[in-house]
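Morning, everyone. Please look at the model on the screen while I talk.

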Amino acid sequence: MPLAPEQRGDQSVAPSLVRYELLHVDAGTGARRGRLHTPHGTIETPIFMPVGTAGSVKALAPDDLRTLEAQIILGNTYHLMLRPGEQLIGELGGLHRFISWDRPMLTDSGGFQVYSLAEMRKITEDGATFQSHLDSAKHVLSPERSIDIQETLGADVIMAFDECPPSLSERSYLEPSLARTTRWLSRCVTSWSRLRSSLFGIVQGGLFEDLRKRHAEEICAVDLPGYALGGFAVGEAPEQMHAGVGFSAPLLPKDKPRYLMGVGTPLDLVTCVGAGVDMFDCVMPTRNARNGYLFTSQGKLVIKHARYAKDPRPLDPACSCYTCRSFSRAYLRHLFIAGELVAMRLNTLHNVHFYLQLMAEARRAIEADQYADFVKAFRARPTVVSE
Ligand SMILES: [Zn+2]
């Protein structure tokens, strides 16, 4: 039995929907400086949202995220519905209270993981049936079920249930898929209570400009608090993605937040902010950190490399995070090689700090009408640490 509407989500905040405030558009690019007002606080955009897959940003505690000044984090509906289940989270006061995070939060629809993780999936007009990757139990995810789960979790922003086709899909596959995603949006809107969570619609269309345009018109004809671009960074080359976002982001309404789902590398973020994207999420900084791949102002650094065995320098001399202020590359390499658990935390602290600071720098560059110079300077950085 679904929980009654008044039992859903975080009860400690007054219900209201998110509202976007466009502060400034960079004079030389499409980059936007804005604010997203939510029931759990205001987010300065453009922003990167660390991914808290199963109710935690892996290796970090909420205290770490507050120190890093993370403004909003993500939860994954697919993972949370399977374990521990949205009913349990709802009964314990909603996702904010369950994970002890009182700042804004966004949940995805679960659709993307159904397509990427689940076994034996089948998509019909009604929705997706699939087997859990955990125990092969059969589940159904439909527009109605996805919205019900997300409202029970109670995030500030919830996402429409869509199909995310591979970006290199043929037109013949995409056209019926896009039409179904539009029909699914209508069902999401019908199910959405509007009590606490704000529903964002998702524009698909692969790399076809005309399909993106047509789908943006269909999705944005539904008046929603925000819109997202889906189906990027799912197999295409970075240059193709940058071009696709370049023509897709301006198709979205100027007075609403624009969210590019599942993107990306630091270069992807810097490039797509220039196209007018406001919000990003990606597992890259956290997953790479756990694998010892670290982003620095001098390019990527692989901490396990033997040349760091006696290196007394910080990971990134230009970084002010706890890891870089406190430890040498030699120590971080030792921790990683020895499989010490704190290596995961220290590496993740650094990578998330790098992403969040990059967005803070981007915001300052937009405010100063210097975003094109900022992109140029970023592209001139080395891609790999040279020594
Ligand atoms: Zn650092």
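In general, it is a covalent bond between the sulfur atoms of two cysteines. Take Cys220: its closest cysteine sulfur, in Cys188, is 15 Å away, so that is too far for a bond. Cys282 is in no disulfide either; the nearest cysteine sulfur, in Cys272, is 11 Å away. Cys282 counts as buried because its relative accessibility is 9%. Buried means under 20% relative accessible area, exposed over 50%, and partly exposed in between, with a 1.4 Å probe and protein chains only.

A word on the source. This is a predicted model: local features need pLDDT of at least 70, side-chain atom pairs count only at pLDDT 80 or more, and totals for chains, interfaces and linings use all residues. Residues are numbered from 1 along each chain as its sequence is written, and side-chain values use heavy atoms, with hydrogens and water left out.

Now the zinc ion. Which residues are its protein donors? Cys319 (SG), Cys321 (SG), Cys324 (SG) and His350 (ND1), at 2.1 to 2.3 Å. Donors are N, O and S atoms within 2.8 Å of the metal (3.2 Å for Na, K and Ca); water is not among the atoms, so sites may look incomplete. Along the chain, the spacing of the donors is C-x1-C-x2-C-x25-H. Cys321 and Cys324 are buried.

Terms used. Disulfide = S-S within 2.5 Å.
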